[in-house]
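Let us take a walk through this structure together. Have the sequence and the 3D view at hand, and follow along residue by residue.

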Amino acid sequence: MDLRLTVDLPRDLDRMNTLRHILDGALSGLGVSEQARTDIGLIVSETWANVIAHVRVGVAFQVRATVDELQCVIEVTHPGEQAADTVNALTTSGHSLKVVRSLADAVDVDRDGLLVKVTKLL
């Protein structure tokens with residue numbers, strides 16, 4: 001099974017909870033442990049919080065979740081060119097990234113338009 005969900009930010013702030021709930025339901029259906037699902041919910045929330053803390057009005061970001069039998073990958077991307085200070089702050093600072101790093105199996109930042117890629121093994 002492959003599941004892919006995408007939320008555009010900041011336009012779809014209200015949909016982040018929907019993303020978390022759909023993702024949790026899909027993971028539950030795959031038999032993923034409650035602890036792993038809780039970790040992934042926190043990863044989604046903290047990734048979202050990090051984006052929101054650094055987004056300027058009119059700057060678009062996407063949060064994408066991809067799930068298969070082995071892993072869940074959360075990616076934050078931005079279409080087009082963004083100000084370097086926004087990208088730098090998003091990928092290197094803040095309490096949220098520390099939380100994400102403590103929960104995830106891998107965190108990659110700032111590679112070719114992909115700002116943050118978080119992998120959690122299932």
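Predicted model: local features only at pLDDT ≥ 70, side-chain atom pairs only at ≥ 80, totals over all residues.

**Charged pairs and a nonpolar core**

Asp24 counts as partly exposed, because its relative accessibility is 30%. The side chain of Asp24 meets that of Arg37 in a salt bridge, with 2.9 Å from N to O. This pair links distant parts of the chain, since Asp24 sits in helix 1 and Arg37 in helix 2, 13 residues apart. Arg37, at 19% relative accessibility, counts as buried, because the cut-off for buried is under 20%.

How many salt bridges are there by this rule? The count comes to three. Another of them joins the side chains of Asp39 and Lys120, at 3.1 Å from N to O. Asp39 lies in helix 2 and Lys120 in strand 5, so this pair ties together parts that are 81 residues apart in sequence. Asp39 and Lys120 are both buried.

Now find Glu75 and Arg64, whose side chains meet in a salt bridge of 2.9 Å, N to O. Glu75 belongs to strand 3 and Arg64 to strand 2, so the pair ties together parts eleven residues apart in sequence. Glu75 counts as buried, because its relative accessibility is 14%, while Arg64 counts as partly exposed at 25%.

Glu46 tells another story. This residue is in helix 2, which spans residues 34-54. Glu46 is buried yet has no salt bridge, and Arg20, the nearest side chain of opposite charge, is 9.5 Å away. Leaving aside neighbours within four places in sequence, Glu46 is in contact with Ser96, Val99 and Val100.

Let us turn to the nonpolar residues. In soluble globular proteins, nonpolar side chains tend to be buried together. Here the largest nonpolar core has 28 residues, and Leu19, Leu23, Ile43, Val44, Ile74 and Val118 have the most contacts inside it. Several elements each supply at least two residues of this core, including strand 1 (3-9), helix 2 and helix 4 (95-103). Helix 1 gives the largest share, five residues. Ile43 touches Ile74, Val100, Leu103, Ala104, Val118 and Lys120, not counting residues up to four places away in sequence.

Which residues make a nonpolar surface patch of about 240 Å²? They are Met1, Leu30 and Leu122. Leu122 is found in the segment after strand 5 (114-121), and Leu122 counts as partly exposed because its relative accessibility is 34%.

How values were computed: Residues numbered from 1 in each chain as written. Heavy atoms only, no water. Helix = DSSP H or I, 4+ residues; strand = E, 2+ residues; numbered from the N terminus. Buried < 20%, exposed > 50% of the residue type's maximum accessible area, 1.4 Å probe, protein only. Lys, Arg positive; Asp, Glu negative; His and termini not counted. Salt bridge = Lys/Arg side-chain N within 4 Å of Asp/Glu carboxyl O. Contact = heavy atoms within 4.5 Å. Patch = residues over 30% accessible without salt bridge, like charges linked within 9 Å, V, L, I, M, F, W, Y side chains within 5 Å. Areas by Shrake-Rupley, 256 points an atom, 1.4 Å probe, with all protein chains shown as cover. Core = buried A, V, L, I, M, F, W, Y, C linked by side-chain atoms within 4.5 Å.
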